[in-house]
Amino acid sequence: MAPRQHPTSSKPFSVRAESESLPALTSYLLSLISIKQSNLCVSADVHSTSTLLKLAEEIGDSICVLKTHADIIDDFSDRTIKGLQEIAKRKNFLIFEDRKLGDIG
């Protein structure tokens, strides 16, 4: 007997994004996945603003989410935030800040 699929898992991301029961961010992410034909999330484990912005510029067209770690960026500032926001808006990807709040020892 074949495993049963949840009804939404067989629908295209674009159709799932239109569900009124979804939070806005979920709907937006599903739309990005559909538009970009990718669900790629890249973890940017870099230590400088210039490296982070260069990475975002280079891969932004191919990703849906860029996961950042502000805690490890040595020169983190408003320049980092504004630069990353500008690239994300232009390249159409989300920024996910992965803060470490004592969750690992």
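Author: Let us begin with a single residue, bearing in mind that this is a predicted model. S48 sits in the loop that runs between strand 1 and helix 3.

Reader: Which residues is S48 in contact with, leaving aside its neighbours within four places in sequence?

Author: Contacts with sequence neighbours are set aside here, and what remains for S48 is I73 and D75. The side chain of S48 also makes a polar contact, at 3.4 Å, with the side chain of S50.

Reader: Where is the place of D75?

Author: D75 belongs to the loop between strand 2 (65-68) and helix 4 (78-91). Its contacts, not counting residues up to four places away in sequence, are H47, S48, T49 and T80. Sequence separation and spatial separation should be read side by side: D75 and S50 are 25 residues apart in sequence, and their C-alpha atoms are 9.2 Å apart in space.

Reader: Is D75 buried, exposed or partly exposed?

Author: One compares the relative accessible area with two cut-offs: under 20% is buried, over 50% is exposed, and partly exposed lies in between. D75 has a value of 37%, and therefore it is partly exposed.

Reader: Which backbone atom lies 2.8 Å from a polar atom of the side chain of D75?

Author: That atom is the backbone nitrogen of T49. T49 itself is found in helix 3, which covers residues 49-59.

Reader: Does T49 count as buried or exposed?

Author: T49 counts as buried because its relative accessibility is 0%. Its side chain is joined to that of T80 by a polar contact of 2.5 Å. Not counting residues up to four places away in sequence, T49 touches I73, D75, F76, R79 and T80.

Reader: Where does A70 lie?

Author: A70 is in the loop between strand 2 and helix 4, the loop that also holds D75. The relative accessible area of A70 is 13%, so this residue is buried. Beyond its neighbours within four places in sequence, A70 is in contact with F76 and E97. A further distance may be read here: A70 and G83 are 13 residues apart in sequence and 13 Å apart in space, C-alpha to C-alpha.

Reader: How should I read the backbone angle phi?

Author: The general idea is that most residues other than glycine have a negative phi. Q37 has a positive value, near 55°, and is not a glycine. N92 is another such case, with a positive phi of about 65°.

Reader: Where are Q37 and N92 placed?

Author: Q37 is in the loop between helix 2 (24-36) and strand 1 (41-43). N92 is in the loop between helix 4 and strand 3 (94-97). As to accessibility, Q37 counts as exposed because its value is 68%, whereas N92, at 26%, is partly exposed.

Reader: Let us turn to the whole protein. How many helices and strands does the secondary structure contain?

Author: There are four helices and three strands. Read along the sequence, they follow the pattern α-α-β-α-β-α-β. The radius of gyration is 16 Å, well over the 13 Å given by the globule rule for 105 residues, so the protein is more spread out than a compact globule. Its C-alpha atoms fill a box of roughly 55 × 35 × 25 Å along the principal axes.

Reader: What share of the 105 residues is buried?

Author: Buried residues make up 30% of them. The accessible surface of the protein comes to about 7,300 Å², and 56% of that belongs to carbon and sulfur atoms.

Notes. Residues are numbered from 1 along each chain as its sequence is written. This is a predicted model: local features need pLDDT of at least 70, side-chain atom pairs count only at pLDDT 80 or more; totals for chains, interfaces and linings use all residues. Side-chain values use heavy atoms; hydrogens and water are left out. Helices (H or I, at least four residues) and strands (E, at least two) are DSSP runs, numbered from the N terminus. Buried means under 20% relative accessible area, exposed over 50%, partly exposed in between (1.4 Å probe, protein chains only). Contact means heavy atoms within 4.5 Å. A polar contact is a pair of N or O atoms within 3.5 Å; within protein, one must be able to donate a hydrogen and the other to accept it, and residues adjacent in sequence count only if both atoms are side-chain atoms. The radius of gyration is taken over C-alpha atoms; the globule rule is 2.2 Å times the number of residues to the power 0.38. Accessible areas come from the Shrake-Rupley method with a 1.4 Å probe; for residues, only the protein chains shown count as cover.
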